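The sequence and the structure are shown here.

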Amino acid sequence: MPRKEIELPYRVEHLSILNENGEVDKSLEPDIPESLLVKLYRAMVLSRKFDERMLILQRQGRIGTFAPIKGQEAQVGAVALLEPGDWLVPSFREMPAEVWRGKKLENVLLLYAGYNEGGRTPDDLNNLPVSIPVGTQTLHAVGLAYGIKYRKGKNVAMAFFGDGATSEGDFHEALNFASVFQVPAVFICQNNHWAISLPRARQSHSKTLAQKALAYDMPGLQVDGNDVLAVYAAAKEAVDRARAGGGPSFIESVTYRLSMHTTADDPKKYRREEEVEQWVRRDPIIRFEKYLLGRGLLSEESVAGIADEVQAEIKEAEERWTRMTEKPADPMEMFDHAYEELPPYLLEQKEQLRRELDAKQTEAN
Amino acid sequence: MAKMTMVQAINLALTQEMEKDDSVVVLGEDVGVDGGVFRVTDGLIGKFGPERVIDTPLAESGIAGISIGMAVYGLKPVCEMQFSGFDYLAFHQLESHAARLRWRSQGRFRVPMVMRAPYGGGVRALEHHSESREAYWAHTPGLKMVIPSSPRNARALLVSAIRDPDPVVFYEPKAVYRAFREEVPEAEETIPIGRSQLVREGRDVTLISYGATMHPVLEAASLLKERDGVEAEVVDLLTVSPLDDSLFTQSVKKTGRAVLVHEAPRSFGPGAEIVARLVEKSFLYLEAPIARVTGFDVIIPLYQREREYMPGTERILRAARETLSF
Ligand SMILES: Cc1ncc(C[n+]2csc(CCOP(=O)(O)OP(=O)(O)O)c2C)c(N)n1
């Protein structure tokens, strides 16, 4: 009757490839096609600039509350592994991932400007819409992955969520189900250190979040989430494993929310400026730019060129969005998509609203 | 007397109850250092410390569940759900345990907890931040469901809720949070739970509402007087469950006409229960069909369309006039 250590297959590793000076560990450097490297860089710059622009639009009152993503752009390294048939299951801080996966910038603006139409995701890609209830979407990824396995598909479902989400019961249920069913799900925790005002250490007493995977018997890896090469490499391992029938994985991507939680939040109330400054120095875009400049994949001119290009792209999207919102939103749309077919009582309510709006119109004339 | 917003008035209720009774504890996401995302719990952690004002991990079921344990032990937890749109994750704990422990233990255990949550539309919010789903709670035997409409009654009702021996769900209309100020006495004031209030006397029609829609209702009542010479009587429910039907059935016996207003979806909403009570208790006095002015039975749209979704003054006026001219 012994009392001894049980041998567990997994240990928690931390993966970092590209440091703050843009230097790489050659032995870990992933094999990424050059065109993809530049595409990743461009996507990160576009996300940064678009996020900054949205903040201005919000301050001007042209869009409502939204959750800035500044600092978390390296997430595109993970979605870069997805193929069109794969599933993206985002939370509300995955604008870069969604845009990578075909979401139109004007739709992002529409959503935050309070138009239901903005929830639309691309018709040809399997992206779920934003989930605002924290962590609850992780279970949907498991269900999708179950479907993939059931139909003997080769796709994967990739779910994103924050460090706060790991406290929700749904997160634990998702990991447990995924592991019991051995489905092709990839869980990516964007540990940005804060869940509104709660620091990561008050969210969970575990040394790492990655180790939570051990309890569910799946590989758990911690990566430098501001290092797009590491994010890519980690996601590649997980996605390849899932496609090969090797079951789910959990990645803790250690990053930082440089901006406020949402535009309704004041981070000065709970965190120190010095902490933010430390992370500004670990900016995922700057270090990647240095690396690409070093490899001759970017030059001073192409950096400037990309900056101009993305600004133009944002401007055009903003113009399209402005045109879409020139006329006031038709209130009747609220009855669309509640059910496939409107039940009789809802048809009556719809008719009632139509009469009210007509009456208002007549009074106004 | 100081003039306060609803946010300040609720903060006052919490502060005074915590000063009076060290079994009162406050818990929830961001309620401590941040003082709550609406600043309702601002300053409490400084006054009472982190053991009584607890910043919890992000887990609604957990927050509700530990509150139940605390309450059974003898503490008086006041937990906050950051938005009512996320309290569904705690629904199971409230429905299956908070509401039933007294019954299940044959009276041996009680759960004197309060679950506070901001609810309702009108603040240009994201999805899940504008719903009005009090019916879920009101439909749950064993729970009480309270919704104040002004700073002063919010303060008085919250004090009563904290002292109540049963679990109370306390919904705060966030559209009212900072909409106006009202005199709130420094001295203790309570309003009994389960009692509605007559807020305007009249003889022609009875308007019944609660929470955020009390404001368009009162505006409609003034307009009816000004423009139509109609005297509307207005009842503020304050407690949705247990529903006090004595005042409004009495009122309808006098006026013969009733309009009830809430922003929750119409079908199976609180209004349906009020109509049923009126039919049961004042049927023979009715001069016109009872009108319901409510949200539509659709998912509340994002903010470009929420104005048309919610019952505003115009819709209330139209319904009252139809009722009056029946
Ligand atoms: C179920 C649920 N509870 C509460 C909220 C309110 N809320 C929105 S974001 C947030 C913090 C989320 O933190 P984290 O999971 O770390 O993600 P981050 O916002 O840092 O990206 C909270 C409490 C919510 N949206 N959903």
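Is Gln182(A) buried, partly exposed or exposed? Gln182(A) is partly exposed, at a relative accessible area of 32%; buried means under 20%, exposed over 50% and partly exposed in between, with a 1.4 Å probe and protein chains only.

The model is predicted: local features need pLDDT of at least 70 and side-chain atom pairs pLDDT 80 or more, whereas totals for chains, interfaces and linings use all residues. Residues are numbered from 1 along each chain as its sequence is written, chains are lettered from A and ligands numbered from 1 in the order in which they are written, and side-chain values use heavy atoms, without hydrogens and water.

Most residues other than glycine have a negative phi, and most peptide bonds are trans.

Gln182(A) lies in the loop between α6 (169-181) and β5 (185-191) of chain A. Arg124(B) occupies the loop between β5 (114-119) and α6 (134-138) of chain B. Helices (H or I, at least four residues) and strands (E, at least two) are DSSP runs, numbered from the N terminus.

In chain B, a cis peptide bond, with omega about 0 degrees, links Ser241(B) to Pro242(B). Pro242(B) belongs to the loop between β12 (239-241) and α9 (246-255).

Among the buried residues of α8(B) are Met214(B), Pro216(B) and Val217(B). After α8(B) comes Gly229(B), with a positive phi near 65 degrees.
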